[in-house]
Amino acid sequence: VSGRCAEALGVASEPSPELAISVLRAFGRRSPVGPEAAAAVYGYLERHAEAAALLEPLRRCGAAVIVVERGQPARPPGDVVWEDVGGASAVPELLPLYGSRWRAFFVDGLGVPAQPTLEQALRRLDLLVSRGSEAEAHLVW
């Protein structure tokens, strides 16, 4: 059903930004899709101006809405990084998963760090030291 008939019946022919946000939030428990499919939801939000206002609260509260792997919980922006050239932070990188076209959406829109932050590096260092991996700890720096 579409067009005027759908409108008269109150049936939406396209999801609302609120529904798209709700779907992403549900991925925080377990994402049934991988990055390729999640990109369709992100693209929808990117195309709808009113969605920008809905993304801001997600950004502020650090909601887990970033799909990194199918079957795994989505991650909050502080648990991923756009690009980690040295790979020392061991934080999932989004560039290889989504491609350069999505940088502005993730970094500017959702607040994903462009590069590993000091906090992420310290968490990695703490993990390595707690495991007794001092030999690997120098890689973080």
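A: Start with the lining of the largest pocket: R75, D79, S89, A90, V91, P92, Q120, R123, R124 and L127. A pocket here is an open set of points on a 1 Å grid over the protein atoms alone, where a 1.4 Å probe fits, with protein on both sides within 12 Å along at least five of seven lines, and lining residues have an atom within 4 Å of a point. This is a predicted model, so local features need pLDDT of at least 70 and side-chain atom pairs pLDDT 80 or more, while totals for chains, interfaces and linings use all residues. Numbering runs from 1 along each chain as its sequence is written, and side-chain values use heavy atoms, without hydrogens or water.

That lining splits into four nonpolar, two polar and four charged residues (nonpolar is Ala, Val, Leu, Ile, Met, Phe, Trp, Tyr, Cys and Pro; charged is Asp, Glu, Lys and Arg; the others, Gly among them, are polar).

Now to the helices (DSSP runs of H or I, at least four residues, numbered from the N terminus). Helix α2, residues 17–26, packs on α4, residues 49–61, at about 25° with axes 9 Å apart (axes are fitted to C-alpha atoms over the stretch in contact, angles run from 0 to 180 degrees between N-to-C directions). The pair is therefore roughly parallel, a label for angles under 35 degrees. P17, E18, I21 and R25 of α2 meet E50, A51, L54, L55, L58 and C61 of α4, where contact means heavy atoms within 4.5 Å. By class, that contact has seven nonpolar, no polar and three charged residues.

Helix α2 also meets α3, residues 35–47: their axes come within 10 Å and cross at roughly 145°. P17, A20, I21 and L24 of α2 touch V41, Y42, Y44 and L45 of α3. This contact has eight nonpolar residues, with no polar and no charged ones.

How values were computed. Helix = DSSP H or I, 4+ residues; strand = E, 2+ residues; numbered from the N terminus. Parallel < 35°, antiparallel > 145°, perpendicular 65-115°, else oblique.
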